[in-house]
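These are my notebook entries on a structure I examined. I set down what I looked up, entry by entry.

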Amino acid sequence: MDISTIILTAGVIGGIAAICASALAVAAHCFAVEENPKIGELEKRLPGINCGACGYAGCSDYAKAIVTEDEAIDRCAPGGSDVLEALGEATGAAVDAFEKTVALVHCAGDVDNARHRHSYNGIMDCHAAHQLAGGDMTCSYGCLGYGSCAHVCPVDAIEIKNNLAIVHPDLCIGCKACVTSCPRNIISMVPASQKIHVLCSSKDKGPIAKKACKVACIGCRICAKLDESAFSMDGFLAKRNYSNQVSNPAVIEKCPGKCIVAVGVDNTQADQKGEPSCA
Amino acid sequence: MRVTRALRKLRGSIHPQYFKGLTSDCPITEMPIPQKLYLSMSQHLGAPAKPIVAKGDVVTRGQCIAEATGYISVPIHAPVCGKIVDIDSAATPAGTMAPRVVLETDPDNTESTTMSPLSDWQDRPQEELITRISEAGVAGMGGAGFPTHVKLSPPSDKPIDTIIINGAECEPYLTADHRLMIEHSKGIADGIRMMCYILNVKSVFVAIEENKPEAIQAMQDALANAEKIDATVCILPTEYPQGAEKQQIAVTTGREVPSGGLPMDVGCVVENVGTVLAIAEAIEKGIPLTQRVTTVTGHIVKSPQNVLAPLGTTYADLVSFCGGLTAEAAKVISGGPMMGMAQPNLDVATTKTTSGLVLLEQSRVHIYRALPCIGCGRCLEACPMNLVPAAISYAVEGGDYDRAESLNILDCIECGCCAFVCPSSRPLVQHFKLAKPKIILKSRQAADAKGAK
């Protein structure tokens with residue numbers, strides 16, 4: 001091949017590149033969209049995983065909302081106190097103490113504990129199972145175990161073990177995606193500092209709840225009597241009051257339904273099933 | 001009175017095994033009143049009825065025990081005399097939870113409260129008859145349970161020129177409508193005349209599939225000397241899902257209901273034969289809708305038959321009336337096997353829409369493992385609504401409901417033809433049933449949010 005052909009080709013390609021580059025440079029200068037530089041600065045401080053926990057489409061959208069709509073800076077759950085402080089530093093807003101929250105499935109009815117009233121052969125999706133006569137479990141409140149929550153978890157913090165969803169609190173980033181995915185509405189966010197929980201959502205009367213599941217709240221009120229500040233009754237179901245710590249750990253022993261459980265301490269909920277903690 | 005054939009072949013259809021011979025020759029038998037009736041408050045489409053009786057109340061036959069809670073809702077009446085022993089909440093055959101009234105029956109007491117018969121209905125205003133139909137709690141008895149008075153009062157900008165009486169009964173196993181047309185053809189013909197009067201329409205099609213020759217003959221005889229109306233018995237080929245209203249309109253009149261539209265958009269009203277009979281009873285005799293014919297069938301039922309049972313009869317009572325089972329039932333389906341819902345147990349009770357109870361033994365229940373789509377396109381050919389089930393199913397599986405919506409998932413009539421023909425045993429219609437309520441809810445929320453702003 002002639003050397004001049006190579007030079008000519010390189011020249012033409014280089015020429016086109018030069019023309020395009022200068023056109024782009026002119027366009028970038030003339031059509032530049034003015035953006036508040038603060039938005040970019042805040043976006044850099046956010047985790048960038050676009051989980052949606054803040055209620056916005058992603059980190060960039062949230063950063064924009066903080067600048068343009070005066071949105072609160074404490075909405076980034078996965079970021080924790082580090083991001084909160086970083087955002088406070090950048091915006092000059094007051095920073096409160098950050099309370100980390102994690103998801104918790106308020107049910108302990110796995111395949112050994114909860115009774116099933118019929119077999120389900122449909123799609124492996126909790127919504128589909130729930131649609132068919134309210135699910136295949138005798139208890140109409142408990143976890144169905146088909147993993148709709150595990151499916152939406154961005155960090156795989158939810159494990160389905162023996163037909164029960166278990167959230168690993170140390171992996172949970174608090175994005176709340178699982179909370180809205182549950183057709184039974186039994187997943188809620190709890191403070192990570194709280195370790196003792198009521199793992200039952202059955203509002204049925206004691207005998208009915210007990211018949212449906214071995215680890216059901218029977219509404220006996222023992223926990224509310226032992227520790228008034230941390231437990232209260234909602235009909236036939238014990239509720240944890242998360243603004244107070246449990247002062248009397250004897251409630252775990254005394255609960256006849258065995259549905260008050262310490263989760264995530266040295267014996268995590270997962271550990272109880274013989275599973276090593278994921279920490 | 002004319003007899004015609006279907007104008008055209010149904011687009012996309014299947015031919016399942018019908019098994020109608022099990023019960024098609026069994027006359028309708030009235031069942032003795034069971035000890036307890038469990039009356040769900042959600043027997044129809046729309047808002048559930050609200051109980052107006054309290055625990056301990058004594059009610060008589062035909063007394064209204066629950067009132068309608070809106071325009072698209074109907075009241076519920078006591079099928080027999082008895083005492084209300086409980087008001088609780090339970091799953092309906094459709095699988096949703098709804099309030100329920102438990103009635104302990106008193107079979108010896110034959111007292112009844114009926115509304116005054118309107119035998120001179122031809123001289124009364126149409127509005128009065130529509131009010132009567134609504135007060136009698138008449139809802140579509142074909143399966144969906146749409147309140148009949150709503151269908152009979154179309155808005156003034158949607159003129160109705162054709163009534164179609166649906167006697168296709170294309171679901172396998174079911175023969176309730178078939179027997180109803182043979183044994184109550186006169187009542188149905190009366191009901192047809194009343195509907196024509198209410199809607200001020202002359203043209204009526206009675207659509208019956210050709211596998212029911214006795215029913216075709218009976219309806220021809222009943223309509224032979226019908227005056228003032230232009231009745232046509234339309235003989236359809238035997239195809240599923242020809243009983244779906246949009247498909248039925250297409251094969252009898254050639255009209256196509258637009259996407260997202262209703263039969264009234266093309267000037268049609270479609271009513272099931274059972275509903276037409278209920279209209280006649282409500283107007284001519286003043287009897288509210290408190291009983292219906294249910295086909296109790298399956299190869300393991302000792303004597304499968306068409307049972308006339310009061311609403312709220314448990315499936316267990318129906319099965320024991322039919323002599324019990326010869327083998328353990330592996331699957332119990334309320335409705336037909338194509339569109340019916342599997343039931344968790346036999347404690348569920350009949351409603352206004354329970355057209356059949358199909359009990360299947362283990363050897364007839366196949367549990368398939370879903371395999372990936374092989375792109376064969378059979379579901380496209382089978383879909384009577386011209387949808388692309390394979391693509392919609394993938395969108396639903398991946399959680400992309402916006403894409404499913406853009407592929408017109410909301411036009412799906414849930415007939416199940418796609419899943420029936422799929423060689424990869426994919427749960428196609430099951431995916432659509434899962435996604436449709438979510439999409440409807442989402443669009444309703446979006447509309448509410450828009451309204452709030």
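Entry 1, domains. I worked throughout with a predicted model. I looked up how chain A is divided and found domain 1, covering 37-91, and domain 2, covering 101-272. I then noted the separation of the two parts: the C-alpha centres of domain 1 of chain A and domain 2 of chain A are 31 Å apart. To their contact, domain 1 of chain A gives 6 residues and domain 2 of chain A gives 7 residues. I also recorded the classes on the side of domain 1 of chain A that touches domain 2 of chain A, namely 5 nonpolar residues, 1 polar residue and no charged residues.

Entry 2, sheet. I turned to chain B, where 4 strands make up an open sheet with antiparallel pairing, in the order β3-β9-β8-β5. Between β3(B) and the antiparallel strand β9 of chain B, residues 97-105, I found 5 bridges. Across this pair, Leu39(B) is opposite Val101(B) in β9(B).

I looked up the packing of α3 (residues 176-183) and α5 (residues 213-223), both helices of chain B: their angle is about 35° and their axes are 8 Å apart. I recorded the crossing of α3(B) and α5(B) as left-handed. Which residues meet there? From α3(B) I noted His178(B), Met181(B) and Ile182(B), and from α5(B) Glu214(B), Ala215(B), Ala218(B) and Met219(B). By class, the residues of this contact of α3(B) with α5(B) are 5 nonpolar, 1 polar and 1 charged.

Definitions and conventions: Residues are numbered from 1 along each chain as its sequence is written. Chains are lettered from A and ligands numbered from 1 in the order in which they are written. This is a predicted model: local features need pLDDT of at least 70, side-chain atom pairs count only at pLDDT 80 or more; totals for chains, interfaces and linings use all residues. Two strands pair if DSSP finds at least two bridges between them. Domain bounds come from an automatic or database domain assignment. Two residues are in contact if their C-beta atoms, placed from the backbone, lie within 7 Å. Ala, Val, Leu, Ile, Met, Phe, Trp, Tyr, Cys and Pro count as nonpolar, Asp, Glu, Lys and Arg as charged, and the others, Gly among them, as polar. Axes are lines fitted to C-alpha atoms, for helices over the stretch in contact, and angles run from 0 to 180 degrees between N-to-C directions. A crossing is left-handed if the near helix is turned anticlockwise from the far one by less than a right angle, and right-handed if clockwise.
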